[in-house]
Amino acid sequence: MEASTIIYSTAAVIGTLIVALFVGLWLPGIERKFVHARIQQRIGPPISSPGFMAPLKFFFKETIIPNSPLPRLYNAMPLVGLLSIFFILLFLIPQMYFVGTLASVIAIVGLLKIEEVIYVFMGSLSRSIMSLTMPFPDIVKGAKHPDVPRSFLEDLSAMRAFRLIAFGSFPIYIALFIPVAMAGSVFLSDIISYQHMHGPVLFTLAGALGAVVFFIGYMILLNEYPFAILKTKADVIEGPYMEYASKYRSYIYITRGFLMFTLGAVFSVLFLGLPPNILSWSILVNIAVALIFPIFMAMFSAFAPIFTFKQFYPVVVGFSLLGVLAVVIALF
């Protein structure tokens, strides 16, 4: 490979990642300030606060060792989640398609699953409230009845996370395979080439249905109302996020915005055939999609209550079946 090609590819990859990180830092603020706050007729936080200033502030907070059986592993979970999203975006960039299977829908599914599974570990490795040891055992059952398995309050969060990854993520994963069914390949380069020849998947019946299913899956992955099963205020407060402090909480804030941009880029690649590339005009489409999705999500969630599991399951089943229908249409 020529030196100029290497420099061009390196610049494209690094530049795209920097743009994605910068845009991602502002997406949570846009969602909460310009949409949530306006719809609910309140002032709302400054646009820079949720995604930019909050992580910056927490980086300078005191690091606390949590009350956990494996405190280092517990604190590593947010960084693992951030890295999994980073690699998804990295392999979406055209200059990285030489990595083969890693630049495929299968790899996207695997890395998204990593991002989901860490919430189970977050809950199961936590043994305190706000990283402080309580003066009494933080136990919700089993204390007075030796025959009943003892469970900690944080175990509720772990169980919710397990239900979410075992069931709630079906819509978005089914939606990812609609372009695969149409292109006949799991590789991103083949899916993009198919759309350059036949037009964007979005402008087909299967693609339109898939876009709706993808959007619902997008909201579920981001744990946004009404799908905020993971962090409901009813019993687990902030769920697995509760005890993270200092830089570890910063990683959580950064990951949310970065995930918003990355999922928008996944949609752009699979449904529009436009991969993220700072040296191409397609990056403008990626940014536009990354902005549109949070706006629609905020409009939807501003009026929505928190679903209980009795409401959550039927909705997920319904949109999963819609996704299956779209896959069948795509095959024919």
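Visitor: Why is leucine 56 counted as partly exposed?

Guide: Leucine 56 has a relative accessibility of 41%, and since buried means under 20% relative accessible area and exposed over 50%, with partly exposed in between (1.4 Å probe, protein chains only), leucine 56 counts as partly exposed. This is a predicted model, in which local features need pLDDT of at least 70 and side-chain atom pairs count only at pLDDT 80 or more, while totals for chains, interfaces and linings use all residues. Residues are numbered from 1 along each chain as its sequence is written, and side-chain values use heavy atoms, with hydrogens and water left out.

Visitor: How do you know that the span of helix 8 is close to the one expected?

Guide: The expected span is 1.5 Å times one less than the number of residues; helix 8 (residues 205-221) has 17 residues and reaches 24 Å from its first C-alpha to its last, close to the 24 Å expected. Helix 8 is also mostly covered, with 13 of its 17 residues buried.

Visitor: Why is asparagine 223 called buried?

Guide: Its relative accessible area is 3%, so asparagine 223 is buried. Asparagine 223 lies in the loop between helix 8 and helix 9, and its phi is near 55 degrees, a positive value in a residue other than glycine. Proline 226 has its place in the loop between helix 8 and helix 9, and a cis peptide bond with omega of about 5 degrees joins tyrosine 225 to proline 226.

Visitor: What is leucine 176 in contact with, leaving aside its neighbours within four places in sequence?

Guide: Taking contact as heavy atoms within 4.5 Å, leucine 176 is in contact with Val105, Ile108, Val109, Leu112, Phe214, Val266 and Leu270.

Visitor: Why is isoleucine 106 called partly exposed?

Guide: Isoleucine 106 has a relative accessible area of 45%, and is therefore partly exposed. Isoleucine 106 lies in helix 4 (residues 105-124).

Key: Helices (H or I, at least four residues) and strands (E, at least two) are DSSP runs, numbered from the N terminus.
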